[in-house]
Amino acid sequence: MHLLPKFLIFSIFITFCSSTDLADDKIKRKLTAVLNPDCPAEFCGSDRKINVMHVTADSDRDRIHYLWSFAGKPSFLMAFGDLNSSMSIDWASFLGFSNGTEKSVTITPEPKYATITVLNQIFEFNDPADHGDFLNVTDKNILPLDTSLFGYEFNGSTVTPEFVEFKVKATKYHNTPNITNIGAVIYTVQCYGDKGHGGNYPHLLHNSNNTQVDVVFDRFKQKKSFKSPRLAIEMAFATTDTKDSNATFHITKRRTLDDEHTPGIFELDTLVSPHSYIEYRPVSYTKPVRDVSDSTDTHLSKIVDATDEFMYKSLVYAYFGFNENHMLKSVNVSFGAVNDGFYSKTNYTSFAFLIGLGQPPTEELSPLVMAITFVGLGIPAVLFVLGATCILVKRVRTYRRLNSGLE
């Protein structure tokens, strides 16, 4: 079976809701967070490594639930609902320690809207022709890695009323005896109470209605026979819009006004569903200290149909269950550019993207850019006006003097 490049993203829509509040960049939210909420000691005791973070983000009128799970496949849920809504987890079913059933995560009352993003697979692929992307790569040059088979470890967290950060690291892959040590895959998940830019490149513009996921591949290596290795990420995208509805999923490329926050990158790639989005700048960084000179390209595949098989061992199965009539799409992002030396040049790649409700926040010219614009354009314009005025005044005076002499 030929394996086409995909970046799978799962987005769930519970019921149609107005996104007026969600689209408001000025909404501020108070954040609270709990690690492994209400998890019994038999499942989340010191001898078990369960990494699930529940965050609530409250405004004066509503609540957003975040659930970030590394139990199985890395999955990131956002659900928009009532201010008094609550979330519960049937941990035995959720972790599969009993006869695991679907819908083990419940939000009461039922949210108006939800979206889930699942990192389904990581691909290491060989690119001997140095195309720089994942298109038309043959199966023999692809090593797929199921993300549910990685060993995830808690790597720290930060919780304030304005900011929550959750870090998880994977250093083992439990699939075959000869594939164990993998270097490290480091995930950093963040959400915010207000609008602003992320602290690290590419300084993505966030608001209180989205979350940022940053993935780092540090000395990541599986297939020693791959002499020209590159990496790609696969995800899955699902919605309660039925397959025969008019709901659409499409890719847009937006141009920004300036590159103040990400030098040299004026573009934003966005995967748009009816009421949510995935957005990122098409750049990845090849060294821990992120800089323009240490970056490479990203490549986005077309959106295609996906199947329910991608949902198992993820929050989609735990929260949404299987439903043959719902919308499922897939897409992939790969990293690399022609003549960049492949992944093996630095053995490091980082990539960040946003998952959001409503519409993406819009960039605005900062005071610094406005000041530079004024200096660059305003002062020459003022000088031009002053010069033209001086010339005009001089000509008027000359004209009057000549006329007075004639008299």
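Hi everyone, let's begin with a cysteine. Cys39 has a relative accessibility of 16%, and because buried means under 20%, Cys39 counts as buried. Before I go on, please keep in mind that what you see here is a predicted model.

So what is Cys39 doing? Cys39 forms a disulfide with Cys44, and their sulfur atoms are 1.7 Å apart. How many disulfides does a search of the whole structure find? The search finds one.

Two other cysteines are worth a look while we are here. Are Cys191 and Cys390 buried or exposed? Cys191 has 0% relative accessibility, so Cys191 is buried. Cys390, on the other hand, comes out at 53%, and therefore counts as exposed.

Now let's turn to charges. The count for this model comes to 13 salt bridges. I'll walk you through three of them, starting with Arg29 and Asp62.

Arg29 and Asp62 form a salt bridge, with 2.6 Å between the closest N and O atoms. Arg29 sits in the segment before strand 1 (30–35), while Asp62 belongs to strand 3 (residues 62–69), so this pair ties together parts that are 33 residues apart in sequence. Both partners are hidden from the surface: Arg29 is buried, with a relative accessible area of 4%, and Asp62 is buried at 4% relative accessibility.

The next pair is Lys221 with Glu124. In this salt bridge the closest N and O atoms are 3.2 Å apart. Which parts of the chain does the pair link? Lys221 is in the loop between strand 14 (210–218) and strand 15 (229–242), and Glu124 is in strand 7, so to speak a link between distant parts of the chain, 97 residues apart. Lys221 is partly exposed, with a relative accessible area of 29%. Glu124 is buried, at 1% relative accessibility.

Glu267 lies in strand 17 (residues 267–272) and Lys253 in strand 16 (residues 250–255), so the pair connects parts that are 14 residues apart in sequence. Glu267 is partly exposed, at 22% relative accessibility, and Lys253 is exposed, with a relative accessible area of 51%. There is also a network here: salt bridges that share partners join Asp127, Asp130, Arg230 and Asp340.

Where is Phe125 placed? Phe125 is in strand 7 (residues 113–126). Phe125 has 0% relative accessibility, so Phe125 counts as buried. The C-alpha atoms of Phe125 and Arg230 are separated by 5.4 Å, although these residues are 105 residues apart along the chain. Leaving aside residues up to four places away in sequence, Phe125 touches a list of residues including Asp133, Phe134, Val137, Asn141 and Ile142. Also among its contacts are Phe226, Ser228, Pro229, Arg230, Leu231, Ala232 and Ser334.

From one phenylalanine, let's move on to aromatic rings in general. How many aromatic pairs does the structure hold? The structure holds 22. Take Phe150 and Tyr152 as an example: their ring centres are 6.3 Å apart and their planes are at 35 degrees, so the pair is tilted. Phe150 is buried at 6% relative accessibility, and Tyr152 is buried at 6% as well. These rings belong to a cluster, in which ring pairs link Tyr66, Trp68, Phe70, Phe76, Phe150, Tyr152, Phe154, Phe166, Tyr173 and Tyr187.

Val382 lies in helix 4 (residues 367–406). With 44% relative accessibility, Val382 counts as partly exposed.

Note on methods: Residues numbered from 1 in each chain as written. Predicted model: local features only at pLDDT ≥ 70, side-chain atom pairs only at ≥ 80, totals over all residues. Heavy atoms only, no water. Helix = DSSP H or I, 4+ residues; strand = E, 2+ residues; numbered from the N terminus. Buried < 20%, exposed > 50% of the residue type's maximum accessible area, 1.4 Å probe, protein only. Contact = heavy atoms within 4.5 Å. Disulfide = S-S within 2.5 Å. Salt bridge = Lys/Arg side-chain N within 4 Å of Asp/Glu carboxyl O. Phe/Tyr/Trp six-rings, centres within 6.5 Å; stacked < 30°, edge-to-face > 60°.
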